[in-house]
Structures are given as C-alpha cells and as structure tokens.
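Please read it beside the sequence and the coordinates.

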Amino acid sequence: MTVALDTAGPDAARRWIEAAQPAHPSLIDQAHVLDELLGVVNVPNGVWIDEQGMIVRPAEPAYPARPSFAKKENREALMEQMSPERRAIFKEVAKIRIQPEAYTAALRDWVTHGSQSRYALTPEEVIRRSHARPPEVAEAAASFELGQYLHRAGYADDAVPWFRAAHRLQPDNWTYKRQAWTFADPGQGPTPLYDGYWLSDVLAIGAENYYPPLDL
Amino acid sequence: MILKTLQVDLEVFAQRTGWVIKPEGACKADRCVPLPSTTEKLLDVRALAQRLGMPLLHDEKHDIWSLGPESGGRVLSSAVAPEIVLPDLDGTPFDLSSLRGQKILLVAWASW
C-alpha cells in the first residue's frame with residue numbers, strides 16, 4: 001500500500017495515483033501522522049508489516065527502482081536544458097545515495113521466506129531501530145500538526161510559525177520541511193518565510209547523508 | 001491531535017494515540033502510567049500531557065491546542081502496528097488492519 005504525505009490533500013497526489021492505476025490501497029495522509037506513528041522522516045520510506053500485524057522492519061529508505069535521472073547519460077542530457085539554479089539542485093540530487101537493488105532483493109526474500117527471512121527483524125530490534133523521540137521531536141510533531149491544521153483551514157500565514165518551529169525542533173525531518181517549503185515555493189527554493197530551503201539544507205548535511213544507509 | 005477544548009474524549013484519545021485508559025491508568029503496549037481515577041468519559045488533557053510526557057501547545061489566535069506524542073523513548077514502543085485509518089483519493093477511510101493476514105509493504109511517498 002502507498003500513503004501520500006500531502007497536506008494539500010488528494011488533489012496534490014491525484015495525477016500520480018491515477019497515472020499508476022494501482023491495484024493496492026493508495027491513501028492520503030494530510031497531517032503526516034505517519035511521522036508520529038511510524039517515525040517516517042523522509043520519502044520514500046517503507047515499513048514491513050507481517051500477516052499478524054507485527055512490524056518486522058521500521059521506517060527506512062525504500063526506493064523501489066533507480067530513477068531514470070540516476071543514469072549518467074540521462075542526467076547530463078537533462079542538466080543541459082536546466083537553469084543554473086536547477087542544475088545546482090540536480091547536481092546534489094545525483095549524489096544522493098539510494099539502494100533500490102539491495103532493498104528490493106531483501107523485500108523479495110521476506111515475501112518468500114516470511115519470518116525465516118534474515119531481513120525480518122525481532123520485535124526488540126524493530127523498537128530499537130525506530131527513531132528516538134526526545135521532547136523536542138514530540139514537540140515538533142505537535143507544532144507541525146498545528147501548522148498543517150491552520151494551513152488546511154485557510155490560515156496559511158498563521159501556519160508558518162508552527163512549521164518553522166517543527167523545522168527547528170526536528171531538523172532531520174524532511175517531510176516537515178519539504179511540505180512547508182512547497183507551499184512557499186513549489187520548487188523548494190529560497191523564500192523569506194523559512195531560514196532554509198532544499199539546496200541549502202542538503203548542502204549543510206552533504207547530499208550523501210540525505211538518506212541513512214540501509215542496515216539490511 | 002488537535003483539540004478545541006482541554007477535555008478529551010477517551011475513545012478519541014485512544015484511537016489517535018494508542019493510549020487506552022484503564023483502571024490502572026493510561027496503558028500502551030506493556031506500559032501503564034497511573035492517572036487520577038475517573039469514571040468520566042472525558043479527561044483533562046493537561047493531566048494526560050504531564051503524566052505521559054506529551055507536549056501541549058496552544059495557538060492563541062485560533063484558540064486551539066495540539067497534543068503531541070509521548071516523549072522520552074522510541075517512536076515505536078511496541079512492534080504491533082499502530083491503528084492507522086486514512087482516506088483514499090475519494091475520501092473513503094481505509095483501515096490498515098483490514099489487510100491482516102497479508103504481508104504489507106507500506107510505502108510513504110509525496111507529490112512535493
């Protein structure tokens with residue numbers, strides 16, 4: 001199943017879902033409750049749940065395939081057509097570590113072998129690998145919830161301080177940041193509303209750290 | 001969870017947070033936190049927030065509160081998948097637990 005973390009609602013996700021024509025449930029999470037309930041901090045993230053309703057792998061990067069831009073020849077052709085600003089972003093995107101081959105191989109192993117798969121974790125390990133939630137991360141969730149609620153209620157300006165608080169309290173949560181940045185600028189570039197933007201924050205951590213390495 | 005008053009319905013609270021109010025207190029997985037005894041269906045959010053380590057934020061202009069999740073541990077206090085009910089494109093609610101008996105790959109994505 002898929003869940004779109006989109007505060008803008010079904011209309012933001014509709015064209016992607018309709019193009020994919022999925023046979024599986026395709027849901028919308030406007031409040032980003034998956035961040036709070038499962039520890040999602042970036043997309044794509046995957047969670048494995050077994051037949052008994054037990055989580056056997058907590059939220060982790062879940063690229064299903066290598067995007068076409070990841071191929072060097074495609075990337076260079078694309079970059080030639082871009083503005084310098086877009087090219088700078090794309091240069092960092094190309095450095096992001098994704099591991100679709102390893103992830104899908106592990107997933108297939110679990111589908112075949114179930115609880116005997118070495119990729120299916122014990123309950124203790126699932127809990128241990130889920131994100132820590134110190135008070136500031138819990139407060140980030142409460143702040144983002146106020147922000148998304150006010151934004152959806154038509155008070156976009158009043159939502160901004162709460163989104164800013166969420167960013168400050170949990171700076172490694174990219175769903176909180178990218179969601180709010182998108183409302184200010186669909187390209188997630190610099191705006192007066194927020195201190196950071198996609199390129200600035202990726203450069204600050206290093207694009208190779210945008211996703212943690214898979215621990216399979 | 002967003003609140004318009006500082007009284008919360010226990011069933012709504014349990015559905016959203018996973019904390020169930022029992023005679024021994026607020027319980028989630030194998031942990032129970034004692035609460036002032038109550039026979040009411042509504043509880044004071046300030047007491048819950050304090051006992052469970054949940055942030056309670058107030059937006060003064062709109063006079064609404066936001067109660068965050070419990071803090072101090074891990075996001076998952078149990079490997080049991082939490083209750084998740086979300087709408088599809090048409091707004092029809094879908095309950096994750098309706099897939100019980102099947103393996104689930106839940107993929108979070110976004111349009112942005």
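What is the mean pLDDT of chain B, and what percentage of its residues reach 70 or more? The mean is 93, and 97% of the residues of chain B reach 70 or more, where pLDDT is the predictor's confidence in each residue, from 0 to 100. For the complex, the predictor gives an ipTM of 0.95 and a pTM of 0.94. This is a predicted model, in which local features need pLDDT of at least 70 and side-chain atom pairs count only at pLDDT 80 or more, while totals for chains, interfaces and linings use all residues. Residues are numbered from 1 along each chain as its sequence is written, and chains are lettered from A, with ligands numbered from 1, in the order in which they are written.

Chain A holds 10 helices and five strands, these being DSSP runs numbered from the N terminus (helices: H or I, at least four residues; strands: E, at least two). The radius of gyration of chain A, taken over C-alpha atoms, is 18 Å, close to the 17 Å from the globule rule (2.2 Å times the number of residues to the power 0.38) for 216 residues, so chain A is as compact as a globular protein of that length. Its C-alpha trace spans about 50 × 45 × 35 Å along the principal axes.

Between the chains, 63 residues of chain A are in contact with 42 residues of chain B, a contact meaning that the C-beta atoms of two residues, placed from the backbone, lie within 7 Å. On the chain A side, helix H7 (residues 135-152) gives the largest share, 11 residues. By class, that side has 40 nonpolar, 12 polar and 11 charged residues, with Ala, Val, Leu, Ile, Met, Phe, Trp, Tyr, Cys and Pro counted as nonpolar, Asp, Glu, Lys and Arg as charged, and the others, Gly among them, as polar.

Two strand pairs are tabulated here; strands pair if DSSP finds at least two bridges between them.

| Strand | Partner | Bridges | Direction |
|---|---|---|---|
| S3 (residues 45-49) of chain A | S12 (residues 104-109) of chain B | Five bridges | antiparallel |
| S7 (residues 56-59) of chain B | S8 (residues 64-67) of chain B | Four bridges | antiparallel |

Within chain B, B:Asp59 stands opposite B:Ile64 in S8(B), and the hairpin of S7(B) and S8(B) has four residues between its strands, with B:Asp63 taking a positive phi near 50 degrees.
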